[in-house]
Each structure stands twice: as structure tokens, then as C-alpha cells.
Amino acid sequence: MNRILFLSLFLATLPMAVQAQIESITDSSKPVRIKKWYQPFRTNAFDKEGNYHGRWKIYINNDQDLIRNGRFRHGKEAGKWRYYYPEGGLYMVEKYKRGSDNIQVRKYHQNGKLAKVGTAKMISNSEMAHYYWEGEWQVYDEQGNYSHTETYLKGNLLGRKD
């Protein structure tokens, strides 16, 4: 009986003890630092050097409409990035491979059908970053049927094959 009484008294006072700890933390002059392991699924974070790192979601219209979603690895895009039309439909998917400048790209029409498939390149240094289409791109009409192939060199359209 004494154990039950003690346990119920302990559970009843627990919220007050937690509130007192929170108030003492927020009243101190030192900023509160939450350990990274405490928030493993945090988005829009930075690494120790201040580079973008982890999952990022970018919104427009007062944070209402998602336009870009993907991961950064110490300041560089990694894995799959998805871009969206302002209305919400999928606009483009980019797939980055570690150790490669080539990016696999799939663009979509607003109706959700495939519009273009090809490769892009990202060349960057400390002063600039240059993203451009490279090689052959397959182009599809609004119904998703193959239309023609376009050839690009450093972002410039060289020709078209029907």
C-alpha cells in the first residue's frame, strides 16, 4: 500500500519538477543547445562549418507550397531531389551520385506525364557553380509519347533528331 501511495505521489509531482527544470533553463543567460541525437529528423540544418546538411525542404508563399525537397551532404546536393510546380505537381527529379558530376534528370509536364529525360552536370569551385544540360535528351509530348531527341553541349542545344 505504501508503494502505491509513493508511486502516485511521485507521478503527481513529476510535471511540476519538469516545469521547474524548463524554467531554469530558459531563464539562464546561456543559450539552450539541444543535442543533434535528440532531433534526428530535423530539416533545414547546417553542419559545423555552416554548410547545408541533411534533409532540406524549401517552400514559397509564406511556407505554404513546397517547391524543392532533398538532402545535402556537407553543402552539396546528394541523392534524389524533387522539384514541384507552385500548384503542387511534380516538376522535376534530379538524382545525384557520389563522386560524379553527372546528374540524372527527369522533367514532367504539369499533367504528370514525362517531358524530358537526360543528364545534367554541375561544375563548381569556390567562386562559382555552373549547372548545365549535357548529351542526349529524350523529349516527350504532353501525352507521354516519345517526340524527338535533343543534343546539348555545356547547356547549348546542338541539334535535334526526330
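Predicted model: local features only at pLDDT ≥ 70, side-chain atom pairs only at ≥ 80, totals over all residues.

Colleague: Why is Lys 116 called buried?

Modeller: Its relative accessible area is 17%, and buried means under 20%, so Lys 116 gets that label.

Colleague: What makes the link between Lys 116 and Tyr 152 a polar contact?

Modeller: The two side chains come to 3.4 Å, and the cut-off is a pair of N or O atoms within 3.5 Å, so the pair counts. Lys 116 sits in strand β7, and leaving aside neighbours within four places in sequence, its contacts include Trp 133, Trp 137, Tyr 140 and Glu 150.

Colleague: How do you know that β2 and β3 pair?

Modeller: Pairing takes at least two bridges, and β2 (residues 52-60) and β3 (residues 65-73) have seven, in the antiparallel sense, so they qualify. Trp 56, for one, stands opposite Gly 70 in β3.

Colleague: What makes β1 and β10 edge strands?

Modeller: The open sheet has 10 strands, running in order from β1 to β10 with antiparallel pairing. β1 (45-46) and β10 (156-161) each have a single partner strand, so one side of each has no neighbour in the sheet.

Colleague: And which elements give two or more residues to the lining of the largest pocket?

Modeller: That pocket holds about 430 Å³ of space, and the elements are β4 (76-84) and β7 (114-124). β4 gives the most, with four residues. In total 17 residues line the pocket, with Lys 76, Glu 77, Tyr 96, Ser 100 and Met 122 nearest its centre.

Key. Residues numbered from 1 in each chain as written. Heavy atoms only, no water. 1 Å grid on protein atoms, 1.4 Å probe; cavity = no way out; pocket = protein on both sides within 12 Å on 5 of 7 lines; lining within 4 Å. Points joined across faces, edges and corners; volume = space filled by probe spheres on them. Buried < 20%, exposed > 50% of the residue type's maximum accessible area, 1.4 Å probe, protein only. Polar contact = N/O pair within 3.5 Å; in protein donor to acceptor, adjacent residues only side chain to side chain. Contact = heavy atoms within 4.5 Å.
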